[in-house]
Protein chains: 2
Amino acid sequence: MRSIEIYDTTLRDGAQGEGVNFSLDDKVAIARRLDAFGIDYIEGGYPLSNPKDAEFFQRLAEQPLKHSKVCAFGMTRRRGMECKDDPGMKALVESQAAVVTIVGKTSDFHVAEVLRVSNEENLAMIRDTVAYFVGLGREVIYDAEHFFDGWKANPEYAALTIQAAAEAGALRVVMCDTNGGSMPEEVAELTRAAAKTIDVPLGIHTHNDCELAIANALASIDAGAVQVQGTINGLGERCGNADLISVMANLGLKKQGYQVLGGAAAARLTELSRYVYEVGNMHFRSNQPFVGASAFAHKGGMHVHAINRVAESYEHIPPESVGNTRRVLVSELSGRSNIIALATKMNLAEDKTLMDRVLRDVVDRENRGYQYEAAEASFSLLVQKLAGSYTPHFELEKFHTIVESRGAGAVTEASVKLRIGEQVRHEVAEGDGPVNALDAALRKALADHFPQLAQMHLVDYKVRVINSEAATAASVRVVIESRDSDGEVWGTVGVDENVIQASWDALVDSIEYKLCKS
Amino acid sequence: MRSIEIYDTTLRDGAQGEGVNFSLDDKVAIARRLDAFGIDYIEGGYPLSNPKDAEFFQRLAEQPLKHSKVCAFGMTRRRGMECKDDPGMKALVESQAAVVTIVGKTSDFHVAEVLRVSNEENLAMIRDTVAYFVGLGREVIYDAEHFFDGWKANPEYAALTIQAAAEAGALRVVMCDTNGGSMPEEVAELTRAAAKTIDVPLGIHTHNDCELAIANALASIDAGAVQVQGTINGLGERCGNADLISVMANLGLKKQGYQVLGGAAAARLTELSRYVYEVGNMHFRSNQPFVGASAFAHKGGMHVHAINRVAESYEHIPPESVGNTRRVLVSELSGRSNIIALATKMNLAEDKTLMDRVLRDVVDRENRGYQYEAAEASFSLLVQKLAGSYTPHFELEKFHTIVESRGAGAVTEASVKLRIGEQVRHEVAEGDGPVNALDAALRKALADHFPQLAQMHLVDYKVRVINSEAATAASVRVVIESRDSDGEVWGTVGVDENVIQASWDALVDSIEYKLCKS
């Protein structure tokens, strides 16, 4: 059983990803969570590059992590300069991080074209920088940039660069597939070549440009690497870094002979993944391997049927082993068994008469264009209605919308007249479009009675024409996604010939679902 | 140079994905696009499972594809039944598809627990079904479900199942990693084992549950498989199928010794990927390998700096080789090559000044949410406007829509006031929804001047929220598809905060396009 070190760079390489934006507090919170999770190394940032990263290290120095080693990232010293005078080196020293990660050039092409120094000066820059921090008592991890591309172009020179780092005292030499362009067989072969060249234990840092980040990391580990670098959820520039979630799940649960983080962490992977999304204010990726909401979701009728017989038939691991859950989706392809599974979750399956009624109603509605796969909230309201256990919180007397335009900048207004218990409310509001105006008028009418509606908001709105041959005169399906302040997200659906009526129906379901749950 | 066959199952396995919903027209449109792209095999659906799939095959039988072989999917015959009496077999025969893909069980565990027949009966079901379709002159592809799990559990029985398919005349035997749980080294080893067991050429069908779908497909091909199955953009149940975009790019551009689709298709991969997203009304995945908007985007200061010196420093392939574009600044420039390709088609690319103006305008519009991939008619009008060669056939004074509902059956009315040359027309009409009513009023106002408008009608209407965090208050993009009596189909786009204004803009473009061409 080989233990593989997990090196997280969510806060440095991950933060380079498009749409990724961590505040200082976010970074500290994520670092503490990674620490509690048991991650071996946490790369916190590049202190020279911005004050936020420098401050991050100060915050961790004041209140240190319990388990993880904190790493500060920087480049080799500048050409023709001593380390002690180099601003980058000073920033790393000031970070007080126990581990310093130094990136240097492996490729003579990059040495000449990007760095514009001689091959010998590049070797001296690597050697001096590593030796400088070793001399200061820091652990040094050496990141060999463009390792694979550099080795393929000039193996002799590439070997000299990692030898320079090894001889200067680097604790680990990490082979970076910087551009993400390597194939697993190349990664395996060059890992073996590196292991023959130096005695320092090797690490692997991969990117997903060929959709092979995970395979490349695993191939390198199989070939001898002891450390793997990546980010939570695969955040990172371009197509992202290796997703440590998948790396840890594959090493801990799937591949033979490996262990990560002492072996106990897998069941908390889903929680960790979602925590990082939440802190970063990013959408979950529903089809994410292991931890996505769809990772153990079953739609095809044949499969769902089989699942009811043998749970593991169509699952490669039990969802609980990574802290995820099984979901059975309602859809046109599914037939009866999906609906039964969903109703079972709602504890309704034993009522055979009700189940028959639900099934008949769903089939009828699907024929009219309803889809409940992304609208479980509407489905649950439907079941409650058919069970007779549902009383609406308000009733529509009428709604009215107007859109008028004289070119661009249309003017929109909506009014709603509702009966809420004994009271009648008639309210009007403007909006950016008719649905937005209806939503505003509806909230205005309901706010006094149901102040909890302020906690929810709409997060997505989609429209599809169902019978597309008839286009705008055909039925349309509207799907609305709403989110509560506690993070719960639910989908509702409306179908009508009129897009405004369909939107209204989906809107009302969304609000009723919220009112039923609170 | 080994040629690898590409087998697309976007329309069958891809349609099982959560949130994937293709109408019949969508399926036909995608099939024709895949055909034009040069895909070897297109699996269209499972005709027994729903009438839409059965109708799909009828549509393709009436107007056949030019290049691709169409495959209909089904299971082995039911137990204790002759093929000629089995409804599944009948549906496959009626599909008239030249290729029949039959899925059968490899795993004796599944034979006993899910199928609940004897091991011998399962072998007979495989043999009979394959032989039945071979006897009818169809090409048969045999999909070995749970191949890897089944082989690991009981290699002797697994071998018997694929031997049964091979002896009965299957053209290909495809090894399915149904649950997506296999590791690349296992896939390679068992591919070699299968190749020793049967002489029929092998295919590989993988899923992404361990984030290894691409690696597993490539490992199997390296070990001898000649066909790879997957979906465009990796659509599919749970974590998706192998993304054929990445498979084709890796085989065609990255790995040595392989060729796909005759070698010419790579530069159109980005266009193909986005087309399928657009037709399916799905969001692009910006970090998608090779074709995502971020795949060649550079954010890190160091990288952008290096790119300015040596373009390929931080890119594993030139973005143009897959039809994608480099993005260095925070610009949303996407599909530049598409735009140039479109302008070239219009004989405008030689006018450098105009091209620059078009590109700048398109970048600006893309930042506001426009997408021209599915809206070539709007693009061609835009170019004409920028070239100064466009005079509108009518001008809007104002439009006005009302929707009022007292429950169900909303009442809708729209009026339009237009200036047509010297004349002003003010007309009102009802409709099933506001867009339908606007379309009716617009046609009423234009009918006397432009009787040819009676030849065209709208065939599809799609709405997407662009900035989904703000939901109904954000911008929406409307895409309208129209069809002429001569069969020509064109797409137009409108973007606005107001869905009615955006629909109006797309509607006007559609009508202007028709008036320009006649």
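**Figure 1. Contacts and burial in chain A.** Of the contacts in chain A with a separation of 6 or more, 66% join residues 24 or more positions apart. The model is predicted. Chain A has 518 residues, and 56% of them are buried.

**Figure 2. Overall build of chain A.** Chain A holds 17 helices and 17 strands. Along the principal axes, its C-alpha atoms fill a box of roughly 85 × 55 × 45 Å.

**Figure 3. The two domains of chain A.** Domain 1 of chain A spans residues 2-262. Domain 2 of chain A spans residues 394-449. Taken over C-alpha atoms, the centres of domain 1 and domain 2 of chain A are separated by 55 Å.

**Figure 4. Packing of helices H5 and H7 in chain B.** H5(B) covers residues 119-135, and H7(B) covers residues 155-167. Their axes lie 8 Å apart, at an angle of about 25 degrees. Angles under 35 degrees count as roughly parallel, so H5(B) and H7(B) are roughly parallel to each other. The crossing of H5(B) past H7(B) is right-handed.

**Figure 5. Residues where H5(B) meets H7(B).** H5(B) contributes B:Asn119, B:Leu123, B:Ile126, B:Arg127 and B:Val130. Facing them from H7(B) are B:Tyr157, B:Leu160, B:Thr161, B:Ala164 and B:Ala165. By class, the contact of H5(B) with H7(B) has 7 nonpolar residues, 2 polar residues and 1 charged residue.

Technical notes:
Residues are numbered from 1 along each chain as its sequence is written. Chains are lettered from A and ligands numbered from 1 in the order in which they are written. This is a predicted model: local features need pLDDT of at least 70, side-chain atom pairs count only at pLDDT 80 or more; totals for chains, interfaces and linings use all residues. Domain bounds come from an automatic or database domain assignment. Helices (H or I, at least four residues) and strands (E, at least two) are DSSP runs, numbered from the N terminus. A residue is buried if 20 or more other C-beta atoms lie within 10 Å of its own, exposed if 12 or fewer, and partly exposed in between; C-beta atoms are placed from the backbone. Two residues are in contact if their C-beta atoms, placed from the backbone, lie within 7 Å. Axes are lines fitted to C-alpha atoms, for helices over the stretch in contact, and angles run from 0 to 180 degrees between N-to-C directions. Angles under 35 degrees count as roughly parallel, over 145 as roughly antiparallel, 65 to 115 as roughly perpendicular and the rest as oblique. A crossing is left-handed if the near helix is turned anticlockwise from the far one by less than a right angle, and right-handed if clockwise. Ala, Val, Leu, Ile, Met, Phe, Trp, Tyr, Cys and Pro count as nonpolar, Asp, Glu, Lys and Arg as charged, and the others, Gly among them, as polar.
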